[in-house]
Amino acid sequence: MEKTDFDLLLLKTVFACMACDQAIDAKEVTHIQQRAKERSLFGALDLTSELKRLQAEMNVQGYGFFRHYFAEVFTASLDKSQQLQLLEAAIDMIEANEEVEYAEVKF
């Protein structure tokens, strides 16, 4: 998978983890921004505009947003390293606001 496509999928992953409990916490958004700086995640993506776009998509599509996300992950050609990065980012996001909800773990 190309770097730009993977960066977007990685951002979509952390966004989906953030939104799966039906609450987008300001701590979680700050966490994404901090991780982007610390670990150089998400490449050259404009986080602010991409997060707004993802939120708008989710608001329009509702549960369909998550179905589309899972289909995208399922069909992505990810190598082992990319798979691990997605999992690490998801776990990190779930723990970001120091409240691990059952919905997040189930997701």
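1. Basis. In this predicted model, local features need pLDDT of at least 70 and side-chain atom pairs count only at pLDDT 80 or more, whereas totals for chains, interfaces and linings use all residues. Residues are numbered from 1 along each chain as its sequence is written, and side-chain values use heavy atoms, with hydrogens and water left out.

2. Overall make-up. The protein chain holds 6 helices and 0 strands, in the order α-α-α-α-α-α from the N terminus (helices, H or I, of at least four residues and strands, E, of at least two are DSSP runs, numbered from the N terminus). Of its 107 residues, 40% count as buried (under 20% relative accessible area, with a 1.4 Å probe and protein chains only).

3. Contacts and surface. Among contacts (heavy atoms within 4.5 Å) with a separation of 6 or more in the protein chain, 79% are accounted for by residues 24 or more positions apart. The accessible surface of the protein chain, from the Shrake-Rupley method with a 1.4 Å probe, comes to about 6,600 Å², and 53% of this belongs to carbon and sulfur atoms.

4. Geometry of H1 and H5. The axes of helix H1 (residues 3–19) and helix H5 (residues 80–94) come within 8 Å and cross at roughly 30°, the axes being lines fitted to C-alpha atoms over the stretch in contact, with angles from 0 to 180 degrees between N-to-C directions. H1 and H5 are therefore roughly parallel to each other (angles under 35 degrees).

5. Residues between H1 and H5. On the H1 side the contact includes Phe 6, Leu 9, Leu 10 and Thr 13, and these and others meet H5 residues including Gln 82, Leu 86, Ala 90 and Ile 94. By class, this contact has 11 nonpolar, 3 polar and no charged residues (Ala, Val, Leu, Ile, Met, Phe, Trp, Tyr, Cys and Pro count as nonpolar, Asp, Glu, Lys and Arg as charged, and the others, Gly among them, as polar).

6. Thr 13. Found in helix H1, Thr 13 is buried, with a relative accessible area of 2%. Leaving aside neighbours within four places in sequence, Thr 13 is in contact with Tyr 69, Leu 86 and Ala 90.

7. Ala 36. Helix H2 (residues 26–39) holds Ala 36, which is buried at a relative accessible area of 12%. Beyond neighbours within four places in sequence, Ala 36 is in contact with Leu 41, Phe 42 and Leu 47; Ala 36 and Leu 47 are 11 residues apart in sequence and 8.6 Å apart in space, C-alpha to C-alpha.

Terms used: Buried means under 20% relative accessible area, exposed over 50%, partly exposed in between (1.4 Å probe, protein chains only). Angles under 35 degrees count as roughly parallel, over 145 as roughly antiparallel, 65 to 115 as roughly perpendicular and the rest as oblique.
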